[in-house]
Amino acid sequence: MNADYLPSRYVEEAPLPDGRTLLANLLWRTFLEVSPQEAPAARAILRGDGAGAPEALRQRLVDARMLIAASVDEAGFMSRRYEQTRYATHVLGLTLAPTLDCNLACVYCYENKRPGRMSAETEQQVADYVRRMLPGRKSVAVTWHGGEPLLCRETILRLSRAFIAMSDHEGASYHAFMLTNGYLLTPPVVEELAALGHWRRVQVTIDGTAASHDAKRPAKGGGATFARISENLCHAATRLPMVVRGNVDLLNPAGCHALLEHLAALGLAGRIEVYFAPVHPFGQGCRDLADKAAVSVASNAQFAPIELELRQHACALGFSDRGYLARPWLQQCQATSTHSVVIEPDGSLQRCTLEMGEDDRRIGHVSRPIEVNSENVLRWLRFDPTRQPPCRECRVLPVCFGYCPHRHLSGAPEEFACAEIRYRLRESVVFEYAARHRPDLLAALGPARPAAAPACPPECGGAPWTNET
Amino acid sequence: MPLAPTAEQQARMLDFYYASFSHDVSLMTGLDLANTSVSAQVPLEIADLDGSPLFRDFAIAGADGRRVGVLRSSARGAALPLIDAIMIGQALFDPEVAERDCQARAAAEYPGATVRSRGFVCYGYPRIGVSIDVTRGGQVIRAIYDAHMTALVRELPAGAARPATDAGVRRGEEGEPFYSYSAQLPEAGEVPPFADEWQRAARHMTNVTRVLAHRGVTFRPATAEPPSDRLPPTRAEDALEDFRPAMQGVTLPIGLIGQETPVFCAVATIKMILGYLGFHDPTQAVIAQAVRTGATGTTNDNMIRGLNELTGGKWAATLVDRPTLGDSSQYLGGFVPAKSGIPGHARLLRGYREYVYRDPTTGLPSLRQSFYLVNDPYPTRNGQYAMENAQKPIDDFYRNLLKLQPAT
């Protein structure tokens, strides 16, 4: 072994369907395919005992960063990145909830809902806060959250215009994001939002086709919401960067597959992003989740194979894959950063959206300096997966970068605190590699659909999927 | 920095700006450009059809010397933008090979004649050709060969400063352009049109370099470290991060499709638009028929009619003949691509970028650079991704924007 280069800690080996072996470096996001004949020698080199192994193979391992310079401290590098991002002074991140009220009554909602809207006085305080914080920053990212943010459309329009003007004046870039249930995202509203510009992602949550979605996400008054949201999405996708999130539990995977077929049949595959996330029982609003018949929570260990099948299906339909290895590199949750805050309707500040409405978790108010020494601030700043066990020892750390800090701080069990990819690591890596570099392998990676697909419901346009709820 | 710098001075300045946003280009192209820089080697000089200097193509290369792209700059100093375009990906042609092959082709196509290359010319932006003098029986003609395809494009009488007709430009058709870029430039005044941009860029670079030096950091140290030793980030990279511009823009995920014939630029552009909108079936031949493509291309009216027909009446296109950057970027912010016209040529606009640099001493905005992200269906059967300066000296650039919206 050349002492100048050592095996990286983050190399994952996985067999490819054609008999070759894939090496993936989870930190540097590099791949290398080796032939069956080369694989034993490659393994030996990566174990550190490759004396006599071909020099050309060793060089390929170096080029692909499976072997890295002995001077590079990978764990130290990640710690430094974590700190750099935590204390970054170039960005200002705001998550704004103009209301915690909502027009839907999702069975699994984690929020501590309450009526009330952001007042004109608070709007002014928020604008003043941005004016104070902006000088010297290169970018401002605003995420409209709720409750349902479109219940306060006028607030969004007024504050967005103010933020854009301030950013222009300071030479900072401005990016807007929104999480909405989509019910109020009607064509006239879409036009108003589109006229503002600067949208990066507008996310609508749809939990399958009509039967499963309407069971989980009914209107507050009890009506169905799928048809209207689906119709709104079709128009919105012509004017805004739409993302569909499907919340998945053990009851609706088939409904989510049907949703993919439905969206593809609407011609949206090339234009919207779709991803799936598990329903978890965290947050004050969903502590009685276990008693609800319409939800059956999946741990991340259970969710992992479901998610992989959904991603494979989405890929086959032409949706772009939001691969774990293609997401922003080494970027942690904004809750642990010092440059981002969550602003509640009354101007109270929080670190985490999961704690919105929890008065005892507040870190201050938008009109006053944050109390940096308060326990509510420090508990987030103490969290550092790159230095704390068990994350620091985990090979998946470069991919999840600690996953959701709220889970860790809440003492969630491992199967909820660890990212789903940990439970299907090899399969996921192979799928992402094939999707990007070897599409010829995709068909051989196994069925993207369950073997016994039930009969097709009428709304999914002939696709062999249906809802289970 | 003089307003007409040497190639070496120019390379240094271009490298400074390329380094400031190369990580963004990486994200757009999906390529690892971390260790790439603008090469200080002699750039490829590209002349206009009238023989005057026009562009300098600087290679973008990795630490191992491997070329990963081209940065096109001005060969006329501040008369043209500092950064005209950046093209990342496989090189369309190797200059040495292209020049040799075009000469060989000319020798074969003009038997008995003496052929001599006069170098590279831009014969209709962004098309690059090799200009060859063909001497036979005492008569000399100029033959322009496409550098990528090694195919004869046009013959010109020797000494002709420009073609008699600017094909594809005057008739409003978008097909195969052939014109003198120089002849389209507005009359030169006392101050070159891009003098302000060049001066701001030079001043900003000087200020940043001075502040970096104060922090003990040299931009691109002379002894380049091997890539593996650059990890974790060096002090220089940390310091440079402070001087990266604020970035704004949109990038639509649209794959490149090359035009199938020399006049199918609009056809291939529409093919890319249709694919994005979910209409994958029509071939270029079908689209060509729908938009009535003739021997010299097609018109915007035909494209509007064809787009509506090809989408089954679901999408309508409208023409904006003189869009501003604001118009185009706001439209792209709706995440629908557009057809954009440059003289005689149709291309796909799939995004834009605006970089705002701030003075390191005052913190105030000191320089803005705006680029369009273009899927150019030229060259035939290939195409190229380009990031082009939104400010062009020719008034006719980025004209005839075809915007799409769902038909009501």
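Analyst: **Around one loop, and the helix beyond**

At 25% relative accessibility, Leu251(A) counts as partly exposed, because buried means under 20% relative accessible area, exposed over 50% and partly exposed in between (1.4 Å probe, protein chains only). Leu251(A) sits in the loop that links strand 10 to helix 9 of chain A; helices (H or I, at least four residues) and strands (E, at least two) are DSSP runs numbered from the N terminus. From Leu251(A) to Ala172(A), 79 residues apart in sequence, the C-alpha to C-alpha distance is 45 Å.

Before going on, some housekeeping. This is a predicted model, where local features need pLDDT of at least 70, side-chain atom pairs count only at pLDDT 80 or more, and totals for chains, interfaces and linings use all residues. Residues are numbered from 1 along each chain as its sequence is written, chains are lettered from A and ligands numbered from 1 in the order in which they are written, and side-chain values use heavy atoms, with hydrogens and water left out.

Two packed helices are described by the angle between their axes and the distance between the axes. For helix 10 and helix 15 of chain A, the angle is about 10° and the axes are 11 Å apart; the axes are lines fitted to C-alpha atoms, for helices over the stretch in contact, and angles run from 0 to 180 degrees between N-to-C directions. That makes helix 10 of chain A roughly parallel to helix 15 of chain A, since angles under 35 degrees count as roughly parallel, over 145 as roughly antiparallel, 65 to 115 as roughly perpendicular and the rest as oblique. Leu308(A), Arg311(A), Gln312(A) and Cys315(A) on helix 10 of chain A meet Glu427(A), Ser428(A), Phe431(A), Glu432(A) and Ala435(A) on helix 15 of chain A. By class, that contact has four nonpolar, two polar and three charged residues. (Ala, Val, Leu, Ile, Met, Phe, Trp, Tyr, Cys and Pro count as nonpolar, Asp, Glu, Lys and Arg as charged, and the others, Gly among them, as polar.)

There's another helix pair in chain A to set beside it. Helix 5 (153-170) and helix 6 (187-196) of chain A pack at about 10°, with their axes 10 Å apart, which makes helix 5 of chain A roughly parallel to helix 6 of chain A. On the helix 5 side of chain A the contact includes Ile156(A), Leu157(A) and Ile164(A), and on the helix 6 side Val189(A), Leu193(A) and Leu196(A) are among the partners. Six nonpolar, one polar and three charged residues make up the contact of helix 5 of chain A with helix 6 of chain A.

Zooming out, chain A has 15 helices and 14 strands. Its radius of gyration of 23 Å agrees with the value near 23 Å for a compact globule of 469 residues, a rule that takes 2.2 Å times the number of residues to the power 0.38, over C-alpha atoms. The C-alpha atoms of chain A fill a box of roughly 75 × 55 × 40 Å along the principal axes, and 57% of its residues are buried. Of the contacts in chain A between residues at least 6 apart in sequence, 71% join residues at least 24 apart.

Chain B has nine helices and 16 strands. In chain B, helix 1 (7-29) and helix 4 (195-214) pack at about 75° with their axes 11 Å apart, which makes helix 1 of chain B roughly perpendicular to helix 4 of chain B.

Notes. Contact means heavy atoms within 4.5 Å.
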